[in-house]
Amino acid sequence: MITVLIAIIGGCFAGILRRTMEGVSYYEAISTGALAALGLGGFIFVALTYADRS
């Protein structure tokens, strides 16, 4: 559950930064945030799974 929360916060941060720094549309900022949240969540899940095996 905490992994999902961290991924959502990271995705929101990425979307806000892209919107602020590059001045892209809201659609592009939201899609960036969603992709970042999915990628970050997947990365954390794989890292925790790998650490659990060691």
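G39 lies in helix α2 (residues 26–53). The model is predicted: local features need pLDDT of at least 70, side-chain atom pairs count only at pLDDT 80 or more, and totals for chains, interfaces and linings use all residues. Residues are numbered from 1 along each chain as its sequence is written, and side-chain values use heavy atoms, leaving out hydrogens and water.

**Overall form**
- The C-alpha trace spans about 45 × 15 × 15 Å along its principal axes.

**Accessibility**
- Of the 54 residues in the chain, 17% are buried (buried means under 20% relative accessible area, exposed over 50%, partly exposed in between; 1.4 Å probe, protein chains only).
- G39 is partly exposed, at 40% relative accessibility.

**Contacts**
- The C-alpha atoms of G39 and A7 are 8.1 Å apart, although 32 residues separate them along the chain.
- E22 and R18 form a salt bridge (3.1 Å, N to O), defined as a side-chain nitrogen of Lys or Arg within 4 Å of a carboxyl oxygen of Asp or Glu. The count by this rule is one.
- E22 and R18 are four residues apart in helix α1 (residues 2–22), about one helical turn.
- E22 is exposed at 56%, while R18 is partly exposed at 29%.

Methods:
Helices (H or I, at least four residues) and strands (E, at least two) are DSSP runs, numbered from the N terminus.
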